[in-house]
Structures are given as structure tokens and as C-alpha cells.
Amino acid sequence: MIITRTPFRVTLGGGGTDLSSYYSKYGGFIFAAGIAKYMYIDVNQPFDGLVRIKYSRSETVKEVEDIDHDIAREALKMMGIEQGIEVVSIADIPAGTGLGSSSCYTVGILNALHTFKHDHISLYDLAEEACKLEIDILGAPIGKQDQYMAAFGGFTVLEIEKDGVVKVRNARISEDSVDELNRNMLMFYTHTSHRSSDILEGQSRGIEKNEKKIVDSMHRIKEIGYQILEAVESSNLSRVGTLFDEHWEQKKKLSTRMTNPRFDEIYNLARENGALGGKISGAGGGGFFVFYVEKDHRKFKDLMKESGLRPMRYRFDFEGSKVLVNFRDASF
């Protein structure tokens, strides 16, 4: 039995510049943080030789090719496993909430399968393998940040070259700043899920067609991302909140699906009651609101609850995808 644990992430700056339509022309930049909410993958070898995949559904088939779950199917094919395997997934956060769940699953299952087969793989290669599976094989219209953040966790900076090569480094952030961010960066579940692919496909088309409004907003989002990183590394965290607000204004220009009247009302209410800024997690359209609030946290949380949001307590993750249990059958 192998069990892996892979962190979800929250993007702090540069979101969307990791799409190939953008970075292939201009280069991409991402600053994000892993959070201690996890995807757990349990891989086992059943005695009957069948293939079992358990998630929100339960599948039992004879051949890997017959699996409906596309990521599990392609991961097993990529690893050369044809039968006699069981994969069970459990997540702390639902899918479709803008925190990178599909890539958490991809990185987690690949990490588990490599461990099961006695293959050592670096975090960098694990992230690239996950990108190949999701983007190249399955054709998902997503970027590269989720796979890398799932693999590395921590406060991580990704510089993406025009040829797709990703340079990874840890942000230089003090322990006091980590604590302050954890205290002031409040997350709330909107009870709304979304299909990020719909929003990202439209965004990519706009970039490919060189639509000025979208391209200019993406350039500004990247600039704001660098400024957020600078603010965090210099411990000027109030600046992070105001930059979140600027980011949100730019992000809304990318798609009419980014927000809706209810979300606009909630955002305005948050700004009127202490939030320096905020944004919707991931591609937008649902999932989690992230607000930066420096005081009266209890009052602010109660107000968001009255607006129908659910606060989520969290802490940051600094370990990335890791193997929790490693008990292998030598006959595999």
C-alpha cells in the first residue's frame, strides 16, 4: 500500500500567465502558496487482478483502458500498469473550487505509482510529468502552475520561459510574514463550483487573437504579481491587500463569467467592512473568495457568513507532495 498527500494551492500573483497561449509569447510568472488542505491517494494491489478506481464514483474493470476517470486511466497507462491495481482518492476540498484539485490528483497518483514501482522521481520531473498528462495527453486548457504547486508546495515562485521551461525558487519570506499572511488572508467558500476550462479557453482565444483588452489585462496581472512578491518579501503586507484589489479589477476584464451580481455585492460589502482587497480563487466564476483583512476578523467572518459564505481555516504547507505510507508488495 502506498499513500501520498498532495497540497492544494492559493495563487497570490500572476494567475493565468502560466497558460501556453500567454507564456509562449511573453513569458509567464506565478507566485503562489501551498495550503494544508490535501488530496490523498491510496494505491494498492488487489489479489484478484482487477482495476478499481474509487472517487466520487466507484469503478471496477478488467483493463485500464476501460476506466472512465481520465486522469487515473492515463496515469496508469503512462506508468505501464495494465491490471491488478486499486486507486482510492480522498480530498479535503471539493473539485471545481479553484484551488487546483485536478492537478493535486494528477501529481498525487503519479507520485504514488512511481513509489509503488520503486522509481525515484524529483519534484520537478513529477510536475513536468503531470503537465504532460493533463495538458499534452488530455488536452486540458490549463496552465502549469497547479502541477508545480502541487508538487512543491510552500511559497513558490515560477518563472516560465517562452519555450515552457519552468524555473522554480522559494520566495524569501520571514516567519513573521508567514504568520501575518495566515492571520489576515481569509478564505471563504462560495458554495459554487465552476468549470475553469470554459473560462480559460476563452482567455486563451483572446490572447491568441491578440485582443488588446485581454492581453493588456494579462500584462498588468503579471506586473501586479511581481509587485505582490516584492511586497511579501519586504514584509509590506498591507500592500498585498491593495494589490489584490487591483488584480481583481484586471481579472474581471478577462471574462464575463469571472463574476456575477451576487459576487460583486459580496466583494463590495467586504471592501466596505475592512477588506483591503480580495479575489476569486483560480480561473474565477466560483470556488473561494480570498480577502486580505487586517483587523476585526471575527466581525468580518460573521458578516461573510450572513452573506452565505463559509469561512475556511487553513495553514500553509511547506512539504509539497509526499509519501505518507510506503508498504510495497515486492511481487509488483
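This is a predicted model: local features need pLDDT of at least 70, side-chain atom pairs count only at pLDDT 80 or more; totals for chains, interfaces and linings use all residues.
## Packing of helix α2 against α3

Two packed helices are described by the angle between their axes and the distance between the axes. For α2 and helix α3 (residues 101-116), the axes come within 10 Å and cross at roughly 30°. Because angles under 35 degrees count as roughly parallel, α2 is roughly parallel to α3. The crossing of these two helices, α2 and α3, is right-handed.

On the α2 side, the contact is formed by Ile-71, Ala-72, Ala-75, Leu-76 and Met-78. On the α3 side, Ser-102, Tyr-105, Thr-106, Ile-109, Leu-110 and Leu-113 take part. By class, the residues of the contact between α2 and α3 are nine nonpolar, two polar and no charged.

## Packing of helix α2 against α4

Helix α2 (residues 70-78) also packs with helix α4 (residues 123-137), at an angle of about 120° and with the axes 11 Å apart. The two helices α2 and α4 are therefore oblique to each other. In this pair, α2 passes α4 in a right-handed crossing.

Ile-71, Glu-74, Ala-75 and Met-78 of α2 meet Glu-129, Lys-132, Leu-133, Glu-134 and Ile-137 of α4. The contact of α2 with α4 comprises five nonpolar, no polar and four charged residues.

## The surroundings of Gln-145

Gln-145 belongs to helix α5, which spans residues 145-152. Its relative accessibility is 5%, so Gln-145 counts as buried. Apart from residues up to four places away in sequence, Gln-145 touches Arg-9, Thr-11, Gly-15, Asp-18, Ile-30, Ala-32 and Leu-158.

One of these residues, Thr-11, is also joined to Gln-145 by a polar contact of 3.0 Å between the side chains. The C-alpha atoms of Gln-145 and Ile-121 lie 19 Å apart in space, and these two residues are 24 residues apart in sequence.

## Two further buried residues

Arg-52 is located in strand β3 (residues 51-54). With a relative accessibility of 19%, Arg-52 counts as buried because the limit for this class is under 20%. A polar contact of 2.6 Å links the side chain of Arg-52 to that of Asp-48. When residues up to four places away in sequence are not counted, Arg-52 touches Pro-46, Glu-59, Thr-60, Ile-85, Glu-86 and Val-87.

Ser-177 lies in helix α6, which covers residues 175-184. The relative accessibility of Ser-177 is 2%, and this residue therefore counts as buried. Leaving aside neighbours within four places in sequence, Ser-177 is in contact with Val-232, Ser-235 and Leu-237.

## Histidines with positive phi

Most residues other than glycine have a negative phi. His-118, however, has a positive phi near 65°. His-118 is situated in the loop between α3 and α4. At 48% relative accessibility, His-118 counts as partly exposed.

His-191 likewise has a positive phi, of about 65°, although this residue is not a glycine. His-191 is placed in the loop between β8 (185-189) and α7 (196-208). Its relative accessibility of 47% means that His-191 counts as partly exposed.

Terms used
Residues are numbered from 1 along each chain as its sequence is written. Side-chain values use heavy atoms; hydrogens and water are left out. Helices (H or I, at least four residues) and strands (E, at least two) are DSSP runs, numbered from the N terminus. Buried means under 20% relative accessible area, exposed over 50%, partly exposed in between (1.4 Å probe, protein chains only). Contact means heavy atoms within 4.5 Å. A polar contact is a pair of N or O atoms within 3.5 Å; within protein, one must be able to donate a hydrogen and the other to accept it, and residues adjacent in sequence count only if both atoms are side-chain atoms. Axes are lines fitted to C-alpha atoms, for helices over the stretch in contact, and angles run from 0 to 180 degrees between N-to-C directions. Angles under 35 degrees count as roughly parallel, over 145 as roughly antiparallel, 65 to 115 as roughly perpendicular and the rest as oblique. A crossing is left-handed if the near helix is turned anticlockwise from the far one by less than a right angle, and right-handed if clockwise. Ala, Val, Leu, Ile, Met, Phe, Trp, Tyr, Cys and Pro count as nonpolar, Asp, Glu, Lys and Arg as charged, and the others, Gly among them, as polar.
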